[in-house]
Amino acid sequence: MDNPIIELRGLTKCYGTLKAVDDLNLSIQKGEIFGLLGPNGAGKTTTILMMLGLTDPTSGSVKVCGYNATSNPISVKRKVGYMPDSLGFYDNMTALENLIYIGELNGIPSSEVRERATEMLRLVGLKDDDFNKKTSEYSRGMKQRLGLADVLIKRPDVIILDEPTLGIDPAGVKDFLELIHALSRRQGLTVLLSSHHLHQVQQVCDRVGIFVGGKLLVEGNLDSLSKNLFSDKSYEVQITVQNDTSMVMKHYPELLALEYVQEVMVKEQTIDIVCSWDITPHIVRFFVAKGFNVAGVQKKQYGLDDIYQKYFENNLTEHSQQ
Amino acid sequence: MKNLTASFKIGSIENKSHGSPFWIMVRKEIDSHIRSWRFIILLLLIALTFWGAMYVSMNNIRAAIANISDPDQMFLYLKLLTTTEGTLPPFHVFLNFLGPLLGISLGFDAINSEQQSGTLTRIMAQPVYRDNLLLSKFVSALILISVLFFSLVLLMVGCGILLTGVLIELEEALRILSFTIICVMYIGFWLGLSILLSIRFKQAATSALTAIGIWLFLTVFYQIIVNIIVRALVPTSHQLTQNEILHYNEILLSFLRLAPSQLYTDATNTLLMPSIRSLSPITMEQMAGAIPTPLSFLDSLMIVWPQVSGLIAATVACFASSYYLFMRREIRS
């Protein structure tokens, strides 16, 4: 825990008067899959470019794999694979040639490079027939896979993927994310993933950071994020019954008297119970014992969507108050 | 500067095991140029021009060599390059127009097409220095052009030997060699300019149009404008002494020489026609006693040296500004 592989300290980038990234502090451990989450224009790509030394920060420092990315970008780029959001390949070359070129630029000896490129293309799940196709004939999903091969061929310690799921169909996204997850686990890769698609990030990331307006609003794993945010109503159970409202109202005081229950809201046949501890089984047993016909029980869990929404709201209200 | 020296160091170390990134990039650039339609069309155009010029001069070579009053009549191969009968200009004059076209078309989309297609970010994320990309674009096109011109000229010499049976002399070989080098440098200037424009403008079409605009301005309008200005400022010539006329002429020429095409014309004319003694007007006193004989190669070279350094300086200036623009610029597309 003491030796993070990516460390950002007080990172700031200004474009004229616009602060694209504002005093960012972040550390990512080795082997972690970190999701950088934020709406368009939040400064995610700028942050990534600074990590690779492709853009100079206005102030603050970036350390990746122990190297300062601003003063020593070449060493960083040897260790880090980066997949940009707008992937482009040389259209007049085949996929294999494109990959071999990148491999050679990374100093892989020419005797090995073809073999390694083929191995990478197989690893990311491209078919052998496609290797010698021009990349102009590739579909978006295939290009994305080729992009991943392109990142992996240098055997990086860290891979940075900028919006990797942009423009692929849902099935493709699932495959792609599973592939990244598996690779990360198998090879101990550290993955930094930027996205504005919450559900996708939720699927694979160990930890997420929410990034709005150049600021990292919060970071942590999903559990701790939702605990922080929804501490006042940490668990919510929604129960649907097939009985009259009057029968519900009759038992209302008893329900409220249950341990941990904080609030009960009745709306026709659905009852929302807010409690400070997860007592769903207890509540169901209660209803059954009272002779209710329980038609449905739904435990509300806070996903990234809610977290995101909540943070966004908070941020907006803060701004409007100012 | 520190980066540059470091890049050379790394280059030399990696060269021993497996090519440095720079030469890999150059190889790839040459590869994609050669396979492109653009280059094939240009190649055909240049080859056709060369063949046409040679055909005309081959037909007239007998007359040119037989002309005793011409001090250059002994230089068979230089005559091959310069003789014409008036229907078609000689090759080096043709090249004054075609050279810029060649340079511009090889460089106008060097950087902006990479940025548009998104390959620039991907390449920059590899462990290579940013200037290597710029340099590789320039060097690869220059290598192509050099190979093209050297092979054309060698073909010409070879055909000449086969057809006439006259062996080439050292003097001629040196002149033709330096002519070729100046051609490559002239095209190099336009290449540098078009690479600069390809960094400045995001659209390839804009940068191509601007480059062609500059080319047209320098070859057509610049001379007209300079002439108009000079005519407006200089008093009518019959009031001037001979010395004053010379002086004004000198000024006019120096302004004209700001255009690279003028530098190129001066340099190639002097090298290919050994009897040219000076590029500025000469008075009768200076000419008095001079025998109309060809100059030696070194003397001709001395005359064109300012032109050559001017061309090199212009190329370096273009390239330096390319560096300045490119090193600081955001690479995201």
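## Sheet and interface

In this predicted model, chain A holds an open sheet of 6 strands, ordered β6-β7-β8-β3-β9-β10, with mixed pairing. The edges are taken by β6 (80-83) and β10 (215-220) of chain A. Each of these has a single partner strand, so one side of each is left without a neighbour in the sheet. From one strand to the next, the twist averages 15°.

Within the sheet, β3 (residues 33-37) and β8 (residues 190-195) of chain A run parallel to each other and pair over 5 bridges. One residue pair can be named: L37(A) has S195(A) in β8(A) as its bridge partner.

A helix also packs on the sheet: α5 (residues 140-152) of chain A touches β6 and β7 (158-162) of chain A. The direction of α5 makes about 160° with that of β6(A).

The second topic is the contact between the chains. On chain A, 25 residues are in contact with 22 residues of chain B. Three helices of chain A, namely α1, α2 and α3, each supply at least two residues of the side that touches chain B. Of the elements of chain A, α3(A) gives the most to this side, with 4 residues. Which classes make up the side of chain A that touches chain B? The table gives the composition by class.

| Class, side of chain A that touches chain B | Count |
|---|---|
| nonpolar | 13 residues |
| polar | 8 residues |

Key. Residues are numbered from 1 along each chain as its sequence is written. Chains are lettered from A and ligands numbered from 1 in the order in which they are written. This is a predicted model: local features need pLDDT of at least 70, side-chain atom pairs count only at pLDDT 80 or more; totals for chains, interfaces and linings use all residues. Two residues are in contact if their C-beta atoms, placed from the backbone, lie within 7 Å. Ala, Val, Leu, Ile, Met, Phe, Trp, Tyr, Cys and Pro count as nonpolar, Asp, Glu, Lys and Arg as charged, and the others, Gly among them, as polar. Two strands pair if DSSP finds at least two bridges between them. Axes are lines fitted to C-alpha atoms, for helices over the stretch in contact, and angles run from 0 to 180 degrees between N-to-C directions.
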